Amino acid sequence: MNSFLDLTEDLLSETPLIDMTDLWQLLFRFVFNFIVVGIIIHFFYYPKSKRRDYYFTFTLISISVFFLIFLLGSVKLKIGFALGIFAIFGIIRYRTESVPIREMTYLFTITALSVINALSIQVGLTEMLVTNAIFLLVTSLLESERWLKHTSSKLILYDRIQLITPDKREELIADLSARTGLHIQKIEIGHIDFLRDAAFIKVYYESDSRETNTVDHLTKFPKEGE
């Protein structure tokens, strides 16, 4: 019993109750990372997607990764642990649906920022600020509609099969535009069913809406019961 008490006393004596330098370092980097990640999620990602579930997921993953990397950084895991985190998120798939590429990209970006901000203790403050600023600037430019127009796509089951021939391509696009009300830029003709006089056509069009449409990611019609 005495040996156990002595061991406990030695551990407590070797472990400081509070280290103000490390505490302020933790709080400063956490608040900084939280603000940067919050800007990306709230001002760049959310306005287009309106996905509250991913908003919740990205925020908690950022916090979790930051504390994991920062607090375990002294256990000599550092780069190896960070790479392990990337590998885990690289194979993430939800059981109900696969994660869309845009969400996966934001997830990777947020994870990378959290790892960088947690591991950059030996790096100067200026380098960390510049790195985060570059992430914010590039994300802002890529999300801006001034530089890139958002092109959406839809899969259509088309009934006027007589218009799918190459010589009637313009008439086909005009008919699809009139019936859907979309400004169609390009089409791709897929499976053709002559027994039902129907064909699968994928249409690409410019969207004026700032919001992403999750239906655009469908590449085939779901089976009955799905």
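In this predicted model, the largest nonpolar core brings together 25 residues, and Phe58, Ile69 and Tyr106 are the ones with the most contacts inside it. The elements that contribute two or more residues to this core are α2 (20–49), α3 (52–72) and α5 (101–119). Apart from it lies another core, made of 11 residues, among them Tyr158, Leu163, Leu176 and Ile201. The protein chain as a whole holds seven helices and three strands, and these follow one another along the sequence in the pattern α-α-α-α-α-α-β-α-β-β.

**The chain as a whole**

- Of the 226 residues in the protein chain, 31% are buried, while the accessible surface comes to about 15,400 Å², with 63% of that surface belonging to carbon and sulfur atoms.
- When contacts between residues at least 6 apart in sequence are considered, 65% of them join residues that are at least 24 apart.

- Tyr106, one of the residues with the most contacts inside the largest nonpolar core, touches Ile40, Phe44, Tyr45, Phe58, Thr139 and Glu143 when residues up to four places away in sequence are not counted.
- Glu143, which lies in helix α6 (residues 125–143), counts as buried because its relative accessible area is 15%, under the 20% cut-off.
- The side chain of Glu143 is joined to that of Arg102 by a polar contact of 2.7 Å, and the contacts of Glu143, leaving aside neighbours within four places in sequence, are with Phe44, Lys48, Arg102 and Tyr106.

- Ser49 has its place in helix α2 and counts as buried because its relative accessible area, at 8%, falls under the 20% limit.
- A polar atom of the Ser49 side chain lies 3.2 Å from the backbone oxygen of Tyr45, and Tyr45 is also among the residues that Tyr106 touches.
- Lys50 is placed in the loop between α2 and α3, where its relative accessibility of 43% makes it partly exposed.
- The phi of Lys50 is near 55 degrees, a positive value in a residue other than glycine. Most residues other than glycine have a negative phi.

**The three-stranded sheet**

- The three strands form an open sheet in the order β1-β3-β2, with antiparallel pairing, and the edge strands, each of which pairs on one side only, are β1 (151–158) and β2 (184–193).
- Neighbouring strands of this sheet are turned against each other by 20 degrees on average, with direction ignored.
- Eight bridges connect β1 with strand β3 (residues 198–206) in the antiparallel sense, and Leu157 stands opposite Phe200 in β3.
- On the other pairing, β2 and β3 run antiparallel and are joined by seven bridges, with Tyr204 in β3 as the bridge partner of Lys186.

**The β2–β3 hairpin**

- The strands β2 and β3 form a hairpin with four residues between them, and Asp197 has its place in this loop.
- Although Asp197 is not a glycine, its phi is positive, at about 55 degrees.
- Asp197 counts as partly exposed because its relative accessibility is 43%, which lies between the limits of 20% and 50%.

**Helix α7 and the loop to β2**

- Helix α7 (residues 169–180) lies across β1, β2 and β3, and its direction runs at about 100 degrees to that of β2.
- Leu182 has its place in the loop between α7 and β2, and this residue counts as partly exposed because its relative accessibility is 22%, whereas buried would require a value under 20%.
- The residues that Leu182 touches, not counting those up to four places away in sequence, are Lys154, Ser177 and Tyr205.
- Leu182 and Tyr205 stand 23 residues apart along the chain, and their C-alpha atoms are separated by 6.5 Å.

Definitions and conventions:
Residues numbered from 1 in each chain as written. Predicted model: local features only at pLDDT ≥ 70, side-chain atom pairs only at ≥ 80, totals over all residues. Heavy atoms only, no water. Core = buried A, V, L, I, M, F, W, Y, C linked by side-chain atoms within 4.5 Å. Buried < 20%, exposed > 50% of the residue type's maximum accessible area, 1.4 Å probe, protein only. Contact = heavy atoms within 4.5 Å. Pairing = 2+ DSSP bridges. Axes fitted to C-alpha atoms, helices over the stretch in contact; angles between N-to-C directions. Areas by Shrake-Rupley, 256 points an atom, 1.4 Å probe, with all protein chains shown as cover. Polar contact = N/O pair within 3.5 Å; in protein donor to acceptor, adjacent residues only side chain to side chain.
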